[in-house]
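Subject: Structure handover

Hi,

Here is the structure for you to look over. My notes on what turned up follow below it.

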Amino acid sequence: MRGSSLGPLPDGGRVVIIGGGPAGTATAIALQQGAQALGRCLQITVVEGKRFAGEQHHNQCAGVLSPPVVKLLQDKLAVPFPHHLSRRTITGYVLHTPHRQLILDEEAEPSIALRRIQFDAYMLDMTRQRGIEVLSARATGLEFHADRVIIYTESTPLEADVVVGAFGLDEGTAALFQHAVGYRPPPALSSIVTKYHPGEAGIAEFGGRIHAFLPATPRIEFGAITPKGNHLTINIAGARVDANLMTAFLSLPEVRRVLPCLENAGRINPNDFRYFKGRFPCGLGGNFTGDRFVIVGDAAGLVRAFKGKGVTSAIQTGIRAAEVILHRGISASAFQAYHAANRDITEDLPYGQAMRQFAIFAARIGLMDVILQAAEKDIGLRRALFDAVSAHRPYRDVIRQAISPTSAWAIARTLVRRMSFSRPDQGPF
């Protein structure tokens with residue numbers, strides 16, 4: 001088999017990518033384009049067991065694509081962004097606590113809400129149009145040898161010089177890599193997702209902002225309501241959220257005030273408020289590179305810790321993996337360049353995780369009410385909250401802004417004022 005060394009993948013080299021979502025398809029397209037620019041021809045196969053066409057699967061992702069996803073597709077992959085799939089342009093956010101709310105309007109490039117299953121189908125179709133093989137099957141086994149990798153599937157065995165894991169949080173495929181190379185899946189939060197069709201008037205009333213909630217309810221870290229075309233996507237997340245917690249979330253006064261026409265049960269679509277369960281990573285995976293393998297996107301935990309930005313990060317990490325395979329090699333040492341390329345994500349993870357823990361604590365004790373009130377008058381604090389919710393800036397910068405003397409003084413001044421007006425039988429917040 002040609003290309004059996006661990007150097008940069010040569011002409012005739014073979015790559016198998018397990019997973020046909022944004023991370024897998026971005027890797028495949030980037031590999032093909034990069035190889036052609038170098039005068040090489042690669043054999044690339046994407047293995048995907050789901051059928052995205054026809055929307056036979058439900059994707060638990062909220063489906064909000066954040067900048068710079070449009071530029072990544074168009075400039076890095078020469079893939080036109082599918083504006084025809086857009087269900088809503090996100091104009092800003094509304095951050096809610098049990099007693100206050102704060103409008104945070106978008107000032108830069110907006111995010112785009114769409115149905116993830118349609119976007120995934122589009123990306124897989126773009127991959128096929130470039131002549132890249134897509135095998136409709138699930139991977140069932142992996143064997144790593146000195147000169148090749150064998151990938152067993154439900155339909156046919158494949159041989160490759162290098163295998164790319166782009167399988168998200170699929171537990172079955174994760175177990176294959178765990179057994180073969182000692183990979184460790186990233187820590188993850190669980191999520192419950194549902195949707196609601198409030199009618200044309202209700203959608204118009206709701207507008208183009210995402211409503212984000214930091215409830216004081218234990219076990220719900222955050223919730224969100226996202227406008228999409230003719231419906232609203234509603235999701236909650238936490239270490240162990242379940243259907244009962246989603247029902248409790250929907251009953252919160254601050255949530256009911258936002259949902260239009262909810263009291264008119266006779267108008268509710270029979271498909272509304274059906275719950276789907278999913279997970280998303282909140283930290284790095286372990287051992288996600290080595291000789292002849294690299295893992296990208298959610299499967300590696302390469303996402304923003306507090307916000308996610310899963311699709312954007314998936315595409316970024318897929319492109320970066322392709323560049324390393326073509327220019328550095330497919331050995332464990334060569335893939336250190338992949339780790340270096342993703343430092344913008346990995347070095348920001350501790351800051352995002354710290355912000356996540358602070359937000360949970362502050363919401364529990366009522367301190368977020370104080371922060372939102374202070375942000376109404378402090379532009380710097382308001383900007384920090386916007387960047388925290390949207391993840392448009394690194395969390396290191398967000399924290400620096402939030403604890404700047406001006407912002408800290410605004411919070412302290414608001415806290416003192418609230419304490420001076422609180423009754424003896426009330427807490428300070």
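**Aromatic cluster**

F167 is buried, and Y183 is buried too. Please keep in mind that this is a predicted model.

These two residues form an aromatic pair. Their rings sit edge-to-face, at 5.8 Å centre to centre and with 90° between the planes. The pair links distant parts of the chain. F167 lies in the loop between β12 (162–165) and α4 (171–181). Y183 lies in the loop between α4 and β13 (188–196). The two residues are 16 residues apart.

Y183 has another partner, F177. That pair is also edge-to-face, with 6.4 Å centre to centre and 75° between the planes.

Why does F177 count as buried? Its relative accessibility is 0%, and buried means under 20% relative accessible area. Y183 has a relative accessible area of 1%, so Y183 is buried as well.

Ring pairs link F144, F167, F177, Y183 and F293 into a cluster. By the pairing rule, the count comes to ten aromatic pairs.

**A patch on the surface**

Now to the outside. F358, F361 and I365 form a nonpolar patch on the surface. Together they have about 280 Å² of accessible area.

F361 is found in helix α11, which covers residues 349–365. Is F361 exposed, partly exposed or buried? Its relative accessible area is 48%, so F361 is partly exposed. The cut-offs behind that call are 20% and 50%.

**The whole chain**

The protein chain has 15 helices and 19 strands. Its C-alpha atoms fill a box of roughly 80 × 50 × 35 Å, taken along the principal axes.

How does the radius of gyration fit a compact globule? With 429 residues, such a globule would have a radius of gyration near 22 Å. The protein chain has 23 Å, which agrees.

Of the 429 residues, 54% count as buried. The accessible surface comes to about 18,100 Å². Carbon and sulfur atoms account for 52% of that surface.

One last item concerns contacts. Take those between residues at least 6 apart in sequence: 73% of them join residues at least 24 apart.

Best wishes

Key:
Residues are numbered from 1 along each chain as its sequence is written. This is a predicted model: local features need pLDDT of at least 70, side-chain atom pairs count only at pLDDT 80 or more; totals for chains, interfaces and linings use all residues. Side-chain values use heavy atoms; hydrogens and water are left out. Patches are made of residues with over 30% relative accessible area and no salt bridge: like charges are joined within 9 Å, nonpolar side chains (Val, Leu, Ile, Met, Phe, Trp, Tyr) within 5 Å. Accessible areas come from the Shrake-Rupley method with a 1.4 Å probe; for residues, only the protein chains shown count as cover. A salt bridge is a side-chain nitrogen of Lys or Arg within 4 Å of a carboxyl oxygen of Asp or Glu. Helices (H or I, at least four residues) and strands (E, at least two) are DSSP runs, numbered from the N terminus. Buried means under 20% relative accessible area, exposed over 50%, partly exposed in between (1.4 Å probe, protein chains only). Rings of Phe, Tyr and Trp (its six-membered ring) pair if their centres lie within 6.5 Å; planes under 30 degrees apart count as stacked, over 60 as edge-to-face and the rest as tilted. The radius of gyration is taken over C-alpha atoms; the globule rule is 2.2 Å times the number of residues to the power 0.38. Contact means heavy atoms within 4.5 Å.
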